[in-house]
Structure formats: C-alpha cells, structure tokens
Amino acid sequence: MDAITLWQRYQDWLYYHEEIGLYLDISRIRFDQAFLEAMKPKFDGAFRDMEALEGGAIANPDEQRMVGHYWLRNPELAPTPQIKQQIIDTVNKIETFVAKVHKGEIKPPQAEKFTDLLSIGIGGSALGPQFVADALAPDYPLINIHFIDNSDPDGIDRILQRLGDRLKSTLILVISKSGGTPEPRNGMMEVKQALLKQNLHFPDQAIATTQIGSKLYQEATSQGWLETFPMEDWIGGRTSEMSAVGLLPAALQGIDIHALLQGAQTMDIATRQPDIKTNPAALLALCWYAVGGGRGQKDMVILPYKDRLILLSRYLQQLVMESLGKEKDLDGNIVNQGISVYGNKGSTDQHAYVQQLRDGVPNFFATFIEVLRDRQGPSSEIEPGVTAGDYLSGFLQGTREALYDNQRDSITVTITEVNPYTVGALVALYERAVSLYASLVNINAYHQPGVEAGKKAAAQVLELQHQSLQALRSHSQGISISDLATKIDAQEQVETLYKILRHLAANDRGVELSGDPSKPGQLIAKWR
C-alpha cells in the first residue's frame with residue numbers, strides 16, 4: 001500500500017479508549033474485508049461464550065470449574081451472593097492487614113516493622129506480582145519485595161544472602177492454590193531452614209495465599225501463621241493478578257490496588273462489546289487469527305518501549321501459551337493449538353533480535369507497546385530540539401515501518417503513561433483477548449494438562465532416585481549404571497538413571513562415579 005492508503009487504513013482501524021487513554025492500532029496487520037466478514041459468525045459465538053462464562057457457566061469442562069477472574073474487579077457480576085461477598089471480604093481483609101503491617105501493629109518479634117516481603121510462588125503466582133512490582137512499585141516502596149519463583153538452590157541462596165540480617169524483618173508470603181505444588185513447597189522449606197539458622201520462628205513471620213482447606217491452609221492455621229488469604233477454586237494462576245495473589249503483595253509495596261482493579265473493570269466493559277471493531281480484545285484476537293491462520297503459525301513478539309514494562313513479555317508468555325497451547329480441542333480432536341510468545345524491550349532490541357525480525361525468517365508478528373509520557377516532569381534536550389524520549393519514539397516508529405516495508409506485520413498498543421489504572425487495563429485487555437481467541441479455535445483455555453503431565457514425570461524421576469539409592473547401598477564395590485538399571489528393572493529409564501546419579505555425584509550426595517564420562521553406561525556407581 002502507498003503512504004496515503006496506509007494512513008487511511010490507520011484511521012479506519014484505530015481504536016481509542018478515552019477514559020483509559022489507550023490506542024490500539026492494527027492497521028499493519030494484513031487482512032481484508034472478506035476475511036472480516038468470514039470471521040463474524042465465529043466472533044458471534046465467542047461473544048456468547050464470554051457472556052456465559054461471566055454468568056457462571058462451567059467454562060473449564062475438564063475440571064468442571066467456573067472461571068471468575070472477571071468478577072474480581074466487579075463483584076456485582078458474581079453469579080451468587082456468596083461469591084460476591086467473598087470477593088469483597090478478601091479485598092477488605094487485605095486492606096486491614098496491610099494497614100496494620102505498615103503501622104507496625106503486625107510486626108516481627110525481633111524488629112519494629114517488616115522491611116521486606118519475600119514472595120514464594122511459581123508460574124502465575126509469581127509472574128503477575130513480579131510484572132506489577134517492576135512496573136508500579138514506588139522508588140522507595142513501603143516494603144521491598146523479593147521473589148523465590150524456582151527450585152534452584154543457588155537462586156534461593158542469592159535472595160537469602162541479599163536479605164542477610166533483614167531476614168528477621170522479612171514478611172514471608174507463600175502462594176500455592178493446592179498447597180501441594182513442589183516449587184513453592186521447596187522454597188518454603190529452604191526459607192524455614194534459613195530462619196532456624198538465625199534462631200527465628202517461621203510462623204511468626206509467615207502468611208499464606210491458598211485455597212481454604214488445602215494442605216498449606218491446614219499447615220498455616222495449625223501452626224499459627226500470621227494470616228491466610230483465600231485463593232478461589234474459580235481462579236487460575238495465570239489470571240490471578242486481581243485476586244489476593246496479586247493484590248496483597250502490591251498493596252504491601254504501596255501500590256494503589258483500587259486503581260488496578262478499576263482499570264481492569266473499565267477495560268472489561270470495553271471488551272464486552274459484541275462488535276469486533278469497537279472491542280479492543282476482539283481486534284487483538286482477530287489479528288492473532290489472521291496472521292497465524294487460526295493455528296498459531298506465527299510467533300507473537302512483544303516489544304514494550306518502556307523499561308517499566310520489561311516483564312510484560314514474560315507475563316504474557318504464560319498467559320497466552322499456557323492458555324492456548326493445547327493438544328486437543330473441546331470436541332476431543334487433536335489440533336495442537338497455541339501461539340508462541342517472546343520478547344524483551346525496545347530500543348534495547350534494536351541491537352539484538354530486531355535484525356532477524358527485519359531480515360530473517362518471517363515467522364512472527366510484532367506487538368509494540370508504546371507509552372506516550374516519557375517521564376514525570378520535563379525532559380532536557382540532548383541535542384537541539386531533541387530529547388531521549390524523542391529518540392525512543394523514533395526508534396519505535398522506525399522499526400514498525402521497517403518491518404512493514406519488509407512484509408512483517410505488527411500491532412501497536414499505546415497508553416498515555418504507566419500507572420496502576422493503565423496496567424490493570426492492559427492485564428484485562430490480554431485476558432479477554434486470550435479468552436476470545438480460545439473460543440474462536442474451540443479449545444479450553446483454563447486447564448493445563450501438559451503442566452500436570454510434567455509434574456507427574458518429575459515425581460517419577462524422584463521415585464527412580466529413591467530406588468537407585470536403595471540398590472546402591474547394597475553394592476559396596478560399586479555397580480555399572482547399565483547393571484544398576486537392570487537390577488531395579490529400569491532398563492527403559494537408564495538415561496534418566498544416569499542423569500540422576502551424575503547430579504547426585506556433582507553435589508556430594510553420597511554417590512561416586514568412576515570411569516570414562518564419555519561412556520556413561522559403563523560408569524561405575526558407588527555409595528560412599
């Protein structure tokens with residue numbers, strides 16, 4: 001298209017939400033009117049699905065669950081008075097608890113106030129709070145937040161070492177819906193040991209966000225932890241930012257959680273419109289379907305041109321990929337759906353993978369995230385008439401144009417500034433886009449069987465480790481790995497067995513390996 005035609009297409013397809021200060025530009029996605037008309041019946045069905053979901057229908061049939069993250073920012077929509085009251089009570093409980101912490105009415109035994117928050121979670125229980133903390137926490141937050149979001153001992157050590165003596169004034173938040181997820185459980189046990197070394201009592205500094213009645217809930221209540229906060233059955237981890245999972249750590253840092261909720265509620269209203277062109281989430285879903293042929297044939301590259309939004313790509317990676325990456329559709333057909341998501345930030349990536357985006361494999365579409373306001377207050381000029389923010393804007397516009405000129409499509413989402421209200425709106429925008437797209441391709445966006453399969457496989461590895469160590473202890477002279485596999489009837493798992501023993505040996509865990517490392521089957525394993 002020539003420049004005049006593109007300008008007209010930009011004006012024809014530009015979405016603007018005045019209250020939020022959000023623009024959505026899909027003019028650089030190549031689709032025509034015929035495609036739009038063909039998609040309208042699909043969207044009519046998707047809009048009906050969303051209405052039913054918000055009304056309390058079983059939207060997750062595999063687990064027979066309702067899906068209620070939209071109710072969190074507008075309890076009036078909850079399908080029962082009980083759920084409505086639960087949502088209201090949780091926010092009130094968060095505000096009451098946080099106020100007491102900030103005033104020092106709830107405090108650790110060996111300090112005047114809590115100075116730090118250590119959040120222990122995994123997946124959505126970490127990514128949402130991390131994104132919001134990085135985007136919105138004040139420069140001098142009321143409480144400094146830290147995250148243990150993995151089972152990596154070295155990573156846990158780094159966090160604990162940074163806390164040092166402040167561990168005695170650290171509030172410890174354990175987030176686990178079921179209480180049985182290994183990663184947060186492992187992190188909690190590591191932190192308990194660290195507190196013991198400083199003669200500190202874990203329950204005096206611990207709180208939990210979990211489902212009422214879960215293993216974690218029972219442990220917290222029986223041991224007398226400071227408080228527990230509910231995680232409802234109808235909330236999934238990747239859509240839990242507006243629940244206690246995200247609101248509690250945000251409020252402790254001093255972030256305005258009501259503005260976060262209000263921004264999401266305002267976007268929810270906008271994305272309920274049963275018309276593609278006036279619904280920003282529908283426009284996103286339309287573009288995703290157009291560029292990927294409804295099969296995720298192109299990756300989604302998220303490029304926020306704002307340091308505060310650097311974690312947006314990681315947050316969206318889980319929201320999109322865990323929701324849409326499914327083997328089967330709702331009818332049981334094997335469809336292998338999904339959209340791959342990656343990204344970092346502009347303009348840093350002008351000097352990284354933008355080179356490939358412009359000239360390499362055209363297997364993606366870009367989403368630019370633009371923030372109009374450069375900073376709080378005026379900017380100095382770095383050369384006559386030009387500020388650093390002008391350069392940043394120029395890099396975004398130039399990259400967008402260069403990609404389009406070389407047949408690379410892009411979407412641009414623009415907000416006026418980064419604040420709790422606009423971040424809440426962004427979260428809600430992408431949550432709804434994912435839900436609509438899932439309906440278009442007929443999949444269940446709210447379960448994660450692949451994740452559960454990985455957990456089961458990990459449990460099997462640990463059971464194999466237990467069996468191998470039992471067998472090793474009876475062979476004082478050592479035994480080859482191949483023979484050990486035969487002895488414990490694990491011939492088909494011999495490679496896993498080798499990797500288990502190699503890991504144990506590297507960490508001085510009682511296993512010694514001798515022989516040629518390039519011939520792992522012949523290595524002699526010995527208990528010492």
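This report describes helices, aromatic pairs and backbone features of one predicted model.

## Basis of the model

Residues are numbered from 1 along each chain as its sequence is written. The model is predicted, with local features needing pLDDT of at least 70, side-chain atom pairs counted only at pLDDT 80 or more, and totals for chains, interfaces and linings using all residues; side-chain values use heavy atoms, with hydrogens and water left out.

## Helix H3

Helix H3 covers residues 81-103. Helices (H or I, at least four residues) and strands (E, at least two) are DSSP runs, numbered from the N terminus. The 23 residues of H3 should span 33 Å at 1.5 Å a residue, and the end C-alpha atoms are 33 Å apart, which agrees. The expected span is 1.5 Å times one less than the number of residues. After H3 comes Gly-104, with a positive phi near 85°.

The buried residues of H3 are Ile-83, Ile-87, Thr-90, Val-91, Ile-94, Phe-97, Val-98 and Val-101. Buried means under 20% relative accessible area, exposed over 50%, and partly exposed in between (1.4 Å probe, protein chains only). The cover over these residues includes strand E4 (65-66), strand E7 (170-175), E8, E9, H8 and H9. Here and below, contact means heavy atoms within 4.5 Å.

## Packing of H8 against H9

Helix H8 (residues 244-253) and helix H9 (residues 257-270) pack at an angle of about 140°, and their axes are 9 Å apart. That angle makes H8 oblique to H9. Axes are lines fitted to C-alpha atoms, for helices over the stretch in contact, and angles run from 0 to 180 degrees between N-to-C directions. Angles under 35 degrees count as roughly parallel, over 145 as roughly antiparallel, 65 to 115 as roughly perpendicular and the rest as oblique.

On the H8 side the contact is made by Leu-247, Ala-250 and Ala-251, and on the H9 side by Ile-257, Leu-260 and Leu-261. By class, this contact has 6 nonpolar, no polar and no charged residues. Ala, Val, Leu, Ile, Met, Phe, Trp, Tyr, Cys and Pro count as nonpolar, Asp, Glu, Lys and Arg as charged, and the others, Gly among them, as polar.

## Helix H11 and its surroundings

Helix H11 (residues 312-324) has 13 residues and reaches 18 Å from its first C-alpha to its last, close to the expected 18 Å. H11 is mostly covered, with 10 of its 13 residues buried. Among the buried residues are Leu-312, Tyr-315, Gln-318 and Glu-322. What covers the buried residues of H11 includes helix H4 (124-136), strand E10 (299-304), strand E11 (341-343), strand E12 (364-371), helix H14 (420-440) and helix H15 (449-472).

Leu-316 lies in H11 and counts as buried at 1% relative accessibility. Not counting residues up to four places away in sequence, Leu-316 touches Ile-302, Met-321, Val-341 and Tyr-430. Thr-367 is placed in strand E12 and, at 1% relative accessibility, also counts as buried. Leaving aside neighbours within four places in sequence, Thr-367 is in contact with Met-300, Val-301, Ile-302, Leu-303, Ile-411, Val-413 and Tyr-430.

## Aromatic pairs

The structure holds 15 aromatic pairs. Rings of Phe, Tyr and Trp (its six-membered ring) pair if their centres lie within 6.5 Å; planes under 30 degrees apart count as stacked, over 60 as edge-to-face and the rest as tilted. Trp-7 and Tyr-10 form a stacked pair, 5.8 Å centre to centre with 15° between the planes. Both lie in helix H1 (residues 3-13), 3 residues apart, about one turn of the helix. An α-helix has 3.6 residues a turn, so residues three or four places apart point the same way. Tyr-10 is partly exposed, with a relative accessible area of 23%.

The rings of Phe-202 and Trp-225 have centres 5.2 Å apart and planes at 70°, so this pair is edge-to-face. The pair links distant parts of the chain, 23 residues apart: Phe-202 is in the loop between helix H6 (182-197) and strand E8 (206-210), and Trp-225 in the loop between helix H7 (215-223) and strand E9 (227-230). Both Phe-202 and Trp-225 are buried. Ring pairs also link Trp-13, Phe-31, Phe-35, Trp-288, Tyr-289, Tyr-430 and Tyr-437 into a cluster.

## Backbone features in loops

The peptide bond from Gly-346 to Ser-347 is cis, with omega near 5°. Ser-347 sits in the loop between E11 and helix H12 (354-359).

Gln-407, a residue other than glycine, has a positive phi near 65°. Gln-407 is in the loop between helix H13 (388-405) and strand E13 (410-415) and is exposed, with a relative accessible area of 53%. Asp-489 has a positive phi near 60°, lies in the loop between helix H16 (481-487) and helix H17 (494-506), and counts as exposed at 63% relative accessibility.
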